[in-house]
Number of protein chains: 2
Amino acid sequence: MIIDCHGHYTTVAKDVQAFRDAQIRGEAPRVPQISDDQIRESVQPQLAFQAARGTDLTIFSPRASSMGHHLGDAAANLQWSRLCNDLIHRVCMLFPKQFVGVGQLPQTVGGSPADCIGEAERCVKELGFIGFNLNPDPSGGHWTSPPLTDRAWYPLYEKLVELDVPAMVHVSASCNPNFHATGAHYINADTTAFMQFLTGGLFKDFPTLRMVIPHGGGAVPYHWGRYRGLAQDMKRPPLTDLIRDNVFFDTCVYHYPGIELLLKVVPIDNIVFGSEMVGAVRGIDPETGHYFDDTKRYVDQVPSLNAGDRKKLFELNARRVYPRISRLIDRATSAPQPAV
Amino acid sequence: MIIDCHGHYTTVAKDVQAFRDAQIRGEAPRVPQISDDQIRESVQPQLAFQAARGTDLTIFSPRASSMGHHLGDAAANLQWSRLCNDLIHRVCMLFPKQFVGVGQLPQTVGGSPADCIGEAERCVKELGFIGFNLNPDPSGGHWTSPPLTDRAWYPLYEKLVELDVPAMVHVSASCNPNFHATGAHYINADTTAFMQFLTGGLFKDFPTLRMVIPHGGGAVPYHWGRYRGLAQDMKRPPLTDLIRDNVFFDTCVYHYPGIELLLKVVPIDNIVFGSEMVGAVRGIDPETGHYFDDTKRYVDQVPSLNAGDRKKLFELNARRVYPRISRLIDRATSAPQPAV
């Protein structure tokens, strides 16, 4: 079984974004009514890519760049998060073999992470979600929140631990003209979060908290020696011990040399397969003739990856990081399959 | 000849930092009197590393983390920059075969890049410097300046072009608790600057402007496929064309797999040798028994690097990026060598 831990609902019906735009303009728009047919139609690209690339199940969350925590107040962002999460839930109900849900949190600028607990509980207990996207910078590129290791985040972490769900550290759009969203802000946030985890004592306080750093861990694997050296200079434990049960990188790296490096330096137990499909880069690589984000192809080409490692990367690690997935897989595989 | 394009004066006499600290406290301290012996003494670590590692010449600039553009006002930062630059000049005069100077610019929060023109001219014309460190975020982690492609920077670029000197894009310390300086802020700035160059038209306006992105280009080589794909999606030229005469990465990547990847994906003409010595990571890698920042060892191990490529990476590219270096090398090699 091949589990893609990083897919966003980037193909949602246009009415949904129009609602958000109107909401942010202060127009109190009506919540859009999206039919099951519209939802089925909207995820055809993902289903086609799954089939073409040979992946089975996508851990699916609302479009990251549309979370826009910097745009709305607490009430607006809660309404928006609920709407986005409900749509993910409907996708997962219509295609229970192909999608499992990960939720958007109603974070805000200046708000407390504790404000997200209610929606987090609803997502897991009512919608069957198995994780969340956690935005380390709700300000959208101004980085005004405390680091992820700060106690301000702890009430939310307590809930994640209680629910036994991980968080993917994932920023949203950038309103800082210095940071291109998918080319700089996303990658910087990944690097930043890792360094916060390296320096802070978060996982001493939450030994079972699990964080997924997407986009191949930002700059971290490329600079693995730098981080090993910094950890050593700071008298921190070796990186492999620091991350062992708590920090995981996905494989959203869009060329073979990058994936090769990732698999060379990061322990296999700390890598989960992901493609970010349909996502940041949509084109076909003229050098290979294949989609840039068809990351399974790169992984498949790494000669050093044996069958046991492959199974960890494509399935077992995801089951360990997202333990709630196993129940859903069992349920989905025993259920009748709806027409695609 | 082996030219290390990235060395900072991190071993400066303690009185110098004490002056800056007092200045920032508003105490109007006396400028410290540093003797030639103190300067000779202070650079012994660099000289020892040069000898041990087999590098010849270091392009040497003031300590990056001490620039602290966010700490002082225009007058204080100008005084501090002049002091730091003068010390670099003295190192270069005492050891003309081992060091050439790169300057610190008196940037400030909210100040105009044009304010740096006077010190830039002094550094090149009076001190014989061959380049500058340009801080894309004088706010120290709040990113309140316009992107490097914004016209606000153009007056300074005009001067750099006129003087025929490059800039290394290099932030200073971080006052944002989210960003560890050497583990996140430095690397993020590199990634950010590259993406600005990718999206903007800066090098159309300044076809001879040259920018060095340190720390191996931040996250960029690891995500080379992502950047190729983003450029393609945005209808920008291929990356290799975009960077050809204008953007260069150094080799400050502290493990073999990272250097291997850098040399695999980035054109050899766009890589300059650097070590950041004595710098961000000071320890010895227990996996190799050698210093993490002994980057020449990694380069030397890359089997695909032929003699012509080596000469480009270690010398010719630096001569091309920093054309003023050649005159200094000729002068230094014909001068009598002072006692070390």
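The model is predicted: local features need pLDDT of at least 70, side-chain atom pairs count only at pLDDT 80 or more, and totals for chains, interfaces and linings use all residues. Residues are numbered from 1 along each chain as its sequence is written, and chains are lettered from A in the order in which they are written.

**Sheet in chain A**

- Chain A has an open sheet of three strands in the order 1-2-3, with parallel pairing. Strands (E, at least two residues) and helices (H or I, at least four) are DSSP runs numbered from the N terminus, and two strands pair if DSSP finds at least two bridges between them.
- Strand 1 (3–9) and strand 3 (99–101) of chain A are the edge strands, each pairing on one side only.
- From one strand to the next, the twist averages 35 degrees. Angles run from 0 to 180 degrees between N-to-C directions, with axes fitted to C-alpha atoms, for helices over the stretch in contact.
- Strand 2 (residues 57–62) of chain A runs parallel to strand 3 of chain A and is joined to it by three bridges. A:Ile59 has A:Val100 in strand 3 of chain A as its bridge partner.

**Helix on the sheet**

- Helix 4 (residues 74–94) of chain A packs on the sheet and touches strand 1, strand 2 and strand 3 of chain A. Contact means heavy atoms within 4.5 Å.
- The direction of helix 4 makes about 160 degrees with that of strand 2 of chain A.

**Chains A and B**

- The same surface serves both copies, as 100% of the contact residues of chain B recur in chain A.

Conventions: Side-chain values use heavy atoms; hydrogens and water are left out.
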